[in-house]
Amino acid sequence: MNPFDIINKYYPESTPLREILITHSEAVEEMAIAIAQKHPELKADLQFIKEASLIHDIGIFKTDAPGIHCHGTLPYICHGYLGFEITNNEGFPKHALVCERHTGTGLSKEEIIMQNLPLPHRDMMPISIEEKIICFADTFFSKSRELKTPKTVTEIQNSLTRFGEKHVDQFNEWCHLFL
């Protein structure tokens, strides 16, 4: 099985959710690849970025987000660790880390505990350069609005303020590094 087979396994053809997942993931992939190509000094693995970008949101079908055709039972914020479990169980542990670590600018164990988030108590912060690039690219694209139209830097900064200055600072650091 390759990472692309995972989409086929969990997302039936010709469904609105599959279309949303693929359109969103392709937009993230395109931006992530462009960033990696613009910065060869980062020595990012382009093939891995392509694969992991396409399956980073694989866990969304298990969440309750009817606005994007997700009719699972868990809160949407759980999609990262759910994607980790799915992808890891399918034999792609490195890809699984991207799934778990891509939410916002990442979530620390302390944040998860302090905010009483329904997530495992562990750090979910992007570590590798590929994880950081995908996480950054993902912040530009929503699944609940125009899928291929990126948000502006200002829109992202404003949306991240509700999660605390730490997230805005991390995003700004990535802007400096990647843009």
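This is a predicted model: local features need pLDDT of at least 70, side-chain atom pairs count only at pLDDT 80 or more; totals for chains, interfaces and linings use all residues.
Leu42 is in contact with Ile129, Ile133, Leu177 and Phe178, once its neighbours within four places in sequence are left aside. Leu42 itself sits in the loop between helix 2 and helix 3. Its contact partners also turn up in the packing of helices: Ile129 and Ile133 of helix 7, together with Leu177 and Phe178 of helix 9, belong to the contact between those two helices.

Helix 2 covers residues 16-38 and helix 3 covers residues 46-55; their axes lie 8 Å apart, and the packing angle is about 160°. An angle over 145 degrees counts as roughly antiparallel, and helix 2 and helix 3 are therefore roughly antiparallel to each other. Their crossing is right-handed. On the side of helix 2, the contact is made by Ser25, Glu26, Val28, Glu29, Ala32, Ile33, Ala36 and Gln37, and on the side of helix 3 by Leu46, Ile49, Lys50, Ser53 and Leu54. Sorted by class, this contact has seven nonpolar, three polar and three charged residues.

Helix 3 also meets helix 7. The axes of helix 3 and helix 7 come within 10 Å and cross at roughly 45°. That angle makes helix 3 oblique to helix 7. The crossing of helix 3 and helix 7 is right-handed. Phe48, Ile49, Ala52 and Ser53 of helix 3 make the contact with Glu130, Ile133 and Ile134 of helix 7. Five of these residues are nonpolar, one is polar and one is charged. Ile49 and Ser53 of helix 3 are also listed in the contact with helix 2.

The next pair is helix 7 and helix 9. Helix 9 runs over residues 165-178, and its axis comes within 11 Å of that of helix 7, with a crossing of roughly 105°. Angles from 65 to 115 degrees count as roughly perpendicular, so helix 7 is roughly perpendicular to helix 9. Helix 7 contributes Ile129, Lys132, Ile133, Cys135, Phe136 and Thr139 to the contact, while helix 9 contributes Phe171, Trp174, Cys175, Leu177 and Phe178. By class, the contact of helix 7 with helix 9 has nine nonpolar residues, one polar and one charged.

Helix 7 leads on to the largest pocket. Helix 7 (129-139) and helix 8 (153-160) each supply at least two residues of the pocket's lining. Helix 8 gives the most, with three residues. The space in the largest pocket is about 700 Å³. The lining consists of 29 residues, and those nearest the pocket's centre are Tyr76, Thr103, Gly104, Arg162 and Phe163. By class, the lining has ten nonpolar, 14 polar and five charged residues.

Definitions and conventions:
Residues are numbered from 1 along each chain as its sequence is written. Side-chain values use heavy atoms; hydrogens and water are left out. On a 1 Å grid over the protein atoms alone, a cavity is a set of points where a 1.4 Å probe fits but cannot get out, and a pocket is an open set with protein on both sides within 12 Å along at least five of seven lines; lining residues have an atom within 4 Å of a point. Grid points are joined across faces, edges and corners, and a volume is the space filled by probe spheres set on the points. Helices (H or I, at least four residues) and strands (E, at least two) are DSSP runs, numbered from the N terminus. Ala, Val, Leu, Ile, Met, Phe, Trp, Tyr, Cys and Pro count as nonpolar, Asp, Glu, Lys and Arg as charged, and the others, Gly among them, as polar. Axes are lines fitted to C-alpha atoms, for helices over the stretch in contact, and angles run from 0 to 180 degrees between N-to-C directions. Angles under 35 degrees count as roughly parallel, over 145 as roughly antiparallel, 65 to 115 as roughly perpendicular and the rest as oblique. A crossing is left-handed if the near helix is turned anticlockwise from the far one by less than a right angle, and right-handed if clockwise. Contact means heavy atoms within 4.5 Å.
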